[in-house]
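Hello,

I am handing over the structure below, with notes on what was found in it. Please read the notes with the coordinates open.

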Amino acid sequence: MKVTIIGSGYVGLVTGACLAEQGNNVFCVDVDPKKIAILNSGGVPIYEPGLKEMIERNRAAGRLQFSTDIAASVAHGDIQFIAVGTPPDEDGSADLQYVVAAARNIGLHMITPKVIVDKSTVPVGTADKVSAAITEELNKRGLSPELCSVVSNPEFLKEGAAVEDFMRPDRIVIGTQTTPAGMRAKEQMRKLYAPFNRHHERTYYMDVRSAELTKYAANAMLATRISFMNELANLADLVGADIEAVRQGIGSDSRIGYGFLYSGTGYGGSCFPKDVSALSKTAIEHGRDLKILDAVEAVNEAQKYILVEKIEKRFGKDLSGKKFALWGLAFKPNTDDMREAPSRVIIQELIKRGAQIVAHDPVAMPEAQHCFDADFKGNPEGLKKVSLVDDPMAAVDGCDALVIVTEWKAFRSPDFDLLKAKLKTPIIFDGRNLYEPQAMQELGIEYQGIGRHN
Ligand code: NAD
Ligand code: UDX
């Protein structure tokens, strides 16, 4: 099938590559010429395991192309996926300007019938806004709005495992309208996703609004689990319990399950923070305050400071003259995404208290440097106190403690003797509970995890 993907970011690129992999002819478009230039010169602007190889393979086979040409992109696909960003507005609601602009472009250029797919995470009611924007443009050109139908097909991929998640999804959610055009769109979506349903049916068909809400409900539920566990971890620290034992004890209940019960430095990334906030705003707009979401957000905000609190407790409030190694900058492993990464808050706070930071991340350092340049705008002295190094052991050299923020596999079993020898004082503040407190004690390392009974 001929498919256009509007927006060549994390979701757009993965969707485009994976649909091309299934034999579709895919046209990816973006308004950012730099991104498209990188893609057209054989690079990939983001780090996502397996994506580069998949893009190369499908481009070589002539099934995948990248362009900034909006008119050509509209002409190409019978199915047009909108996969542009929906960042938080000033008040926390989803900013739909990019979605609406993409919709207008479709309405401006389309001649033949199109299925428009909202792939971006968008609040309930957005499909109607997309429809209205396209209809307005079609009307201006005297074309019938019957030419298009808007489908909601939210994306559930996780960064770092995005290709795998897209190729083998837990479920595919498709929300369609009940109009004749809607029924035709449903049939086209069924055909497009047929290869993903080969061994068993994974698609849930529903109405558009339910599909839109399903995406927010999933992310809010996962974020709630994390905040709940972070609250319990902080309690475990106070009462002398081990959150890891508790996690296993409750996760073994099949009604609860093990997923998303890891306590840490709070959730980050481009989805959970903004989606919890946007869902909350949607509820408020409809006269309902979802108090549970306010609590999830407040707990998460506080949790980003938990390592700083532990460091203050150990070294005092004034950290001048202290140097900390920090392992892991990306908001999670296997990505270079620094959006809402807890490392950014932790670094700002430690620097505010006078500390110096030597940080390492296996892939996110170039992206981190961009973010720090922005975070420390107006504070060049602060920026000078953060350095990035290629080798995790070099980061630790002469530091007062090691602070772990992201659980990259490479950090799981370091040479602890070397680590001890390099640190000025053998102390680890572990925001991801990578090590066993007992083993650390035996190694003579002072260890502070999150809720680990220490
Ligand atoms: P992103 O910022 O990485 O990419 C968005 C891209 O859209 C950018 O390259 C931007 O230049 C481009 N763009 C903006 N306006 C455009 C227009 N009018 N025409 C063409 N291109 C345009 O964003 P992302 O992380 O891929 O997220 C996209 C959407 O998917 C968001 O709604 C997000 O919430 C949702 N989502 C993201 C993830 C994730 O893990 N990143 C997972 C599921 C859903
Ligand atoms: C999330 C959803 O999982 C995905 O379905 C949706 O499509 C996009 O948003 P993503 O943000 O890529 O995916 O990563 P995820 O693995 O969900 O982690 C989000 C944040 O939660 C990270 O900061 C991670 O460190 C944190 N987290 C996750 C925890 O603190 N504890 C956990 O148990 C799991």
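Which residue of β5 is the bridge partner of Gln-80? The partner is Ile-116. The chain reaches β5 from β4 by way of helix α5 (residues 97–109), and this β-α-β crossover is right-handed.

Before going further, a word on confidence. This is a predicted model. The average pLDDT of the protein is 97, and 100% of the residues score at least 70. The ipTM is 0.98 and the pTM 0.97.

Strand β5

Strand β4 (residues 79–82) and β5 run parallel and are joined by 4 bridges. On to strand β6 (residues 148–152), β5 has 5 bridges, and these two strands are parallel as well. Asp-118 has Ser-152 as its bridge partner in β6. Between β5 and β6 comes helix α6 (residues 126–140), and the three elements form a right-handed β-α-β unit.

In a regular strand, side chains alternate between the two faces of the sheet. In β5, Lys-114, Ile-116 and Asp-118 point one way, while Val-115 and Val-117 point the other way. Are these residues buried or exposed? All are buried. Because 5 of the 5 residues of β5 (residues 114–118) are buried, the strand is largely enclosed by the rest of the structure. For the count, a residue is buried if 20 or more other C-beta atoms lie within 10 Å of its own.

Ligand 2

Around ligand 2 there are 19 residues, and those that come nearest are Glu-159, Tyr-262, Tyr-267, Gly-269 and Cys-271. By class, the shell holds 11 nonpolar, 4 polar and 4 charged residues. Which helix gives the most to this shell? Helix α9 (residues 208–239) does, with 3 residues.

His-286

The last item is a loop residue. His-286 sits in the loop between α11 (272–285) and α12 (291–303). His-286 counts as exposed because it has 9 C-beta neighbours inside 10 Å; the cut-off for exposed is 12 or fewer. Arg-198 is 88 residues away from His-286 along the chain, and the C-alpha atoms of the two are separated by 40 Å.

Regards

Definitions and conventions:
Residues numbered from 1 in each chain as written. Chains lettered and ligands numbered in written order. Predicted model: local features only at pLDDT ≥ 70, side-chain atom pairs only at ≥ 80, totals over all residues. pLDDT = per-residue confidence, 0-100. Near = placed C-beta within 6 Å. Nonpolar A, V, L, I, M, F, W, Y, C, P; charged D, E, K, R; others polar. Pairing = 2+ DSSP bridges. Right-handed = clockwise from strand over helix to strand, strands pointing away.
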